[in-house]
Amino acid sequence: MAVPMAPFVLDRPPLPARWRRIIPTARAGRNGALTGTKGTNSDGEARRTSVEGGSVLGMSSDTPAPVRHASDGERAAAAAPEAAPEAAPEAAPEAPANSTPRRPILTGDPVFLLLVALGTVTVMAALWWVATRDDSSFFSRLTGAPAVASGFVLLGLGVRLRRSLTLNARTRLSWSLIASGIALYGLGAIVHWIAYSASSPAFLQPLGSALQLATYPLVGFALALVPRPTRTISDLVLFWLDIAIVAWSGAMLFWHFIFFPVAQGAGADLAATVGAAVFPVFDLSLLFAVVALVLRGPQTESSTILRVAAAGIALVFLGDVFAGIRTLQGTYVQGGAVGVLYSAGWLGLALTAYMQGRLGESAGSLPALTNYSKSFVWLPYVAVAVAFVAPAVYDWNNGDLLRQHVPATGLLIALVVARLGVTAAQNASMAAAERERLAAAVEQASEGILTADRSGNITYANPAFTRITGLEASEIIGDNLTSMGEPLDPAVAADIGSTLIGGDAWQGRVSHRRKDGTQVELDLALSPMRDSSSAVVGYVEIVRDITRERALEAQLAQSQRMEAVGRLAGGIAHDFNNILTAISGFGELASDALPEDHPASVDIAEVLRASDRAASLTRSLLAFSRRTVMQPRLVDLNEVLASLTPMLSRIIGENIHLEVSQDKELGATLADRSQLEQVILNLVLNARDAMPAGGKVTITTANEDLDGDYARTHVGAAAGPYVVLTIADTGVGMTPDVIEHAFEPFYTTKARGKGSGLGLSTVIGIVQQSGGFVVVDSTPNVGSTFGVHMPRALGAAGTDEADGTGRNSTGGTETILVAEDEAPVRQFVERVLRGAGYRVFVAGNGREALEVAATLPKFDLLFTDVIMPLMGGVQLAREISAGHPDIRVVFMSGYSEEALPLDGDLGRIPYIPKPFTSDVLLARVRAALDEPRS
């Protein structure tokens with residue numbers, strides 16, 4: 001009998017002709033493992049590249065790579081690899097960042113040279129057999145000799161990998177099994193050789209076959225460790241059942257179509273026939289196992305190596321088939337075509353072991369056997385069809401074969417039934433686990449989930465529904481979906497009923513009163529549940545609490561509405577301020593020109609008072625629209641409140657008690673002090689008006705740090721540190737509808753003529769322009785609380801400078817350039833300045849002002865409007881300052897879309913808001929001119 005040689009499977013990438021470019025250099029470490037030089041440290045130590053698990057055994061390395069000292073020659077190779085005389089002539093591509101440095105293979109790897117030599121000998125043996133096919137000479141018998149040498153190489157590499165510290169424990173276990181199998185096979189081959197010698201005991205030949213056959217289960221167990229370890233016992237059982245089905249189906253086919261007919265023709269006995277067939281069947285089982293692993297995963301280095309191993313096993317399989325046939329025929333001799341097949345197959349297996357040791361960290365592991373029941377579902381049916389039908393048809397008239405065929409088919413059917421049973425059990429277990437996961441997801445969902453029968457009666461409610469509505473599951477089970485503890489609006493309930501009757505889904509929003517009495521807004525989604533025949537068997541309802549979302553939607557809508565109103569108010573105030581500047585200015589000039597007892601003086605005084613009231617109105621509109629030009633400073637809110645408290649006590653009246661509580665650690669905020677005073681005054685006056693019969697006003701200050709959760713639920717808020725001014729009253733309070741419109745201009749709940757409706761709109765405008773926001777909480781007949789949040793700033797609050805707007809401000813003789821696009825305002829400013837002794841030049845826009853400035857050899861001050869056609873005041877000031885570095889600038893404006901560049905290259909710039917009086921104009925101009933030159 002021939003001595004067939006069993007295959008061994010490892011897994012790493014193929015080594016085609018471009019080996020010089022893709023194989024990293026490997027060396028044998030002190031422990032015998034294949035290692036790669038990954039780089040040297042300052043001490044000249046070479047770090048061993050860890051081999052990613054899986055290898056052919058597809059696993060990631062979990063053992064740290066040991067470090068060994070490099071030799072002098074290695075240090076030289078690492079320092080100057082390009083100087084190696086044996087370097088490959090083909091330019092190597094740039095290596096990945098995690099790849100190992102490479103050195104020429106032919107100068108550093110004796111194992112590779114040995115494999116090349118074995119390959120050369122195998123090719124020469126194959127050519128010799130082709131040339132002398134009918135020759136039974138000594139050399140023809142040596143065609144199988146390279147297989148023996150390849151077996152020794154495979155054993156050595158297996159021992160190396162088994163002891164390697166660069167592989168994890170599971171991979172080393174696989175190589176232990178493979179190395180043990182190789183040793184058993186070699187021992188069986190020796191026993192066979194002894195059995196063929198003269199006077200050998202009769203039991204040696206079956207002992208040798210038993211030792212060799214023991215190799216297969218060992219390698220099979222090693223293959224079971226190839227995929228990642230995420231697998232179950234059922235998956236492993238199914239994997240081996242498939243191997244058994246393929247092996248037994250192959251055995252039946254071999255027996256009917258090959259070995260039994262040959263044995264009958266040669267007169268061989270049953271034992272010899274079984275012995276000839278057993279090795280090919282075992283080869284076929286391993287071949288299927290390798291192919292099955294490859295087909296389960298994508299193309300990786302590990303799966304590529306398995307393909308090389310499969311090719312080697314296939315060659316050995318063919319060798320065992322031919323050897324078995326010739327053994328039965330009595331024509332088997334060593335060598336020849338069988339020897340060539342064995343040599344090529346074992347060389348391929350040795351190559352897989354070599355590739356295993358040469359793999360780097362980029363090798364991909366094979367997928368685990370999880371859900372293996374979904375792989376090769378057709379296999380049992382194909383196996384039964386081929387292994388049962390084909391022999392039965394072919395041998396229907398052969399009684400002996402048919403009698404053998406019946407029990408063999410019974411075993412095959414038993415294997416198929418076992419696979420189907422394990423598959424059904426695994427599917428049932430997976431379905432149960434899936435149901436458990438689904439039940440856990442429903443129980444832990446953040447949305448409420450209800451189920452109902454075909455009549456709409458509730459059969460289940462998850463904990464989230466209890467959390468949203470306050471109703472326990474036991475309280476609503478049995479109720480109809482349209483009630484959920486309390487009846488829905490009849491129109492909504494009718495719509496839901498008609499939709500569900502039609503078999504459609506319904507979605508909408510409803511208002512629901514919780515068990516504790518609070519009102520919540522719910523988003524409902526009802527869908528019919530259908531069975532496999534599409535018949536409605538029940539309903540499922542998803543309940544989501546959208547109370548917070550609806551509140552945010554309302555806040556956002558209010559914010560957008562107020563923004564639109566603010567833009568309109570700002571535009572009106574801009575034009576109106578220019579008109580008021582002319583009215584009040586010329587009225588003032590007319591009043592100064594008339595004696596006090598002149599009859600027209602009284603009329604002009606009324607005009608000026610009306611102008612002042614209109615100016616106050618426009619200031620409120622500008623504050624609401626956030627277009628007031630602010631002059632922010634670091635302000636101590638406690639100090640502002642302390643200076644206002646005496647006045648506040650007087651204006652709220654004796655029947656209202658004022659209580660002030662201040663945080664002594666209160667931080668500063670960046671704001672316009674005068675505007676901040678306006679905020680406090682408006683809120684206190686609003687509180688007073690809400691308590692006509694008396695009450696209490698409480699003012700508190702505090703530091704507060706807001707987080708992201710608070711900011712997400714309050715429109716206009718941002719996370720960070722704030723100083724908070726809280727003003728609470730015990731007045732009549734506000735309903736939600738009133739709160740929604742409270743900050744809109746001209747909206748008031750007071751009687752006609754009792755309020756302008758601009759108090760709260762001014763507050764919200766000033767606060768938002770300062771980077772803050774306002775929170776309102778009010779309950780009818782209980783009171784209201786306004787929380788003003790201003791960003792907390794670093795630093796100490798300073799003191800305000802005197803603005804020098806006194807009535808006794810004097811004129812001068814300096815030269816002033818006035819730029820203003822509104823003719824009445826321009827004329828008023830020109831008359832006031834000329835009357836104070838100044839030399840004045842005027843321009844209608846920025847471009848014209850530049851032309852006038854070019855004609856003046858020197859002038860002292862630029863008095864300009866902020867917003868003008870062709871060129872604005874800010875750009876004009878920059879242009880003129882470039883040619884006149886010492887020029888003084890004073891801005892005036894009805895409002896400004898953008899803040900003035902107080903921190904820019906123009907320095908601190910005096911500003912006069914429109915409308916203004918002649919006294920304010922002269923004072924600001926004089927103060928600017930008298931400012932010390934830098």
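A: Rings of Phe, Tyr and Trp (its six-membered ring) pair if their centres lie within 6.5 Å; planes under 30 degrees apart count as stacked, over 60 as edge-to-face and the rest as tilted. Here, ring pairs join Phe239, Trp240, Phe288, Tyr372, Phe376 and Trp378 into one cluster. The model is predicted: local features need pLDDT of at least 70, side-chain atom pairs count only at pLDDT 80 or more, and totals for chains, interfaces and linings use all residues. Residues are numbered from 1 along each chain as its sequence is written, and side-chain values use heavy atoms, without hydrogens and water.

Q: How many aromatic pairs does a search of the whole structure find?

A: The search gives 15 aromatic pairs. One of them is edge-to-face: Phe239 and Tyr372, 5.8 Å centre to centre with 90° between the planes. Distant parts of the chain are linked by this pair, since Phe239 sits in helix α9 and Tyr372 in the loop between α12 and α13 (379-394), 133 residues apart. Helices (H or I, at least four residues) and strands (E, at least two) are DSSP runs, numbered from the N terminus.

Q: Are Phe239 and Tyr372 buried or exposed?

A: Buried means under 20% relative accessible area, exposed over 50%, partly exposed in between (1.4 Å probe, protein chains only). Phe239 and Tyr372 are both buried. Another aromatic pair, Trp255 with Phe260, is tilted, at 5.5 Å centre to centre and 35° between the planes. Trp255 and Phe260 are buried as well.

Q: Which residues have the most contacts inside the largest nonpolar core?

A: Such a core is a set of buried Ala, Val, Leu, Ile, Met, Phe, Trp, Tyr and Cys residues joined through side-chain atoms within 4.5 Å. The largest one in this model has 69 residues, and Leu115, Phe239 and Leu293 have the most contacts inside it. At least two residues of this core come from each of α4 (110-131), α5 (145-163), α6 (169-196), α8 (215-224), α9 (233-266), α10 (270-296), α11 (301-329) and α12 (336-358). The most come from α10, which gives 13 residues.

Q: What is Leu293 in contact with, leaving aside its neighbours within four places in sequence?

A: Contact means heavy atoms within 4.5 Å. On that basis Leu293 touches Leu223, Val226, Pro227, Phe239, Leu306, Leu366 and Leu369.

Q: Where do α5 and α6 meet?

A: In α5, the residues Gly151, Leu154, Leu155, Gly158, Val159, Leu161 and Arg162 meet Arg172, Trp175, Ser176, Ala179, Ile182 and Ala183 of α6. The axes of these two helices come within 8 Å and cross at roughly 150°.

Q: Why are α5 and α6 roughly antiparallel to each other?

A: Angles under 35 degrees count as roughly parallel, over 145 as roughly antiparallel, 65 to 115 as roughly perpendicular and the rest as oblique. The angle is taken between N-to-C directions, from 0 to 180 degrees, of lines fitted to C-alpha atoms over the stretch in contact. The crossing at roughly 150° therefore makes α5 and α6 roughly antiparallel. For α10 and α11, the axes come within 9 Å and cross at roughly 165°, so this pair too is roughly antiparallel.

Q: What is phi of Asn781 near?

A: Phi is near 65° there, a positive value in a residue other than glycine. Asn781 lies in the loop between β16 (773-779) and β17 (783-793), and counts as exposed because its relative accessibility is 72%. Leu870, also not a glycine, has a positive phi of about 70°. Leu870 lies in the loop between β20 (861-865) and α27 (873-883), and counts as exposed because its relative accessibility is 60%.
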